[in-house]
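Hi,

Here is the structure we talked about. Please open it first, then read my notes below.

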Amino acid sequence: MINYGEELKYHRTVRNLTIRELERDTGILNSNLSRWENGKAIPSIDFCVKLADYYGITLDELIGREIK
């Protein structure tokens, strides 16, 4: 099973971004980003699209989904 929080954190950290920098760049509250990364909540599809667009990746890549 995919751990969405770990995937979201991975994409942020490989780009050497802090949660505050990601908040500044996307307008997504750092409290939301933190809850998502810690597995306490799951972002809506709208936020996923915003993050995928920001990173320049697909939604599948954002959540670590591999198509077989």
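**The cavity and the helix beside it**

The largest cavity holds about 50 Å³ of space. This is a predicted model: local features need pLDDT of at least 70, side-chain atom pairs count only at pLDDT 80 or more, and totals for chains, interfaces and linings use all residues. Residues are numbered from 1 along each chain as its sequence is written, and side-chain values use heavy atoms, with hydrogens and water left out.

A cavity is a set of points, on a 1 Å grid over the protein atoms alone, where a 1.4 Å probe fits but cannot get out. Its volume is the space filled by probe spheres set on the points, which are joined across faces, edges and corners. The whole structure has one cavity of 30 Å³ or more.

Lining residues have an atom within 4 Å of a point. For the largest cavity they are L8, R12, L22, L33, W36, E37, L51, Y55 and L62. Seven are nonpolar, none polar and two charged (Leu, Trp and Tyr count as nonpolar, Arg and Glu as charged).

Which helix gives the largest share of the lining? It is α3, with three residues. Helices are DSSP runs (H or I, at least four residues), numbered from the N terminus. α1 (4-13), α3 (30-37) and α4 (45-55) each supply at least two lining residues.

In α3, N32, L33, W36 and E37 are buried (under 20% relative accessible area, 1.4 Å probe, protein chains only). They lie on the same side of α3 because they cover an arc of only 130° around the axis, taken from the directions from the helix axis to the C-beta atoms. Their cover includes α1, α2 (19-26) and α4.

After α3 comes G39, with a positive phi near 75°.

Best wishes

Conventions
1 Å grid on protein atoms, 1.4 Å probe; cavity = no way out; pocket = protein on both sides within 12 Å on 5 of 7 lines; lining within 4 Å. Buried < 20%, exposed > 50% of the residue type's maximum accessible area, 1.4 Å probe, protein only. Contact = heavy atoms within 4.5 Å.
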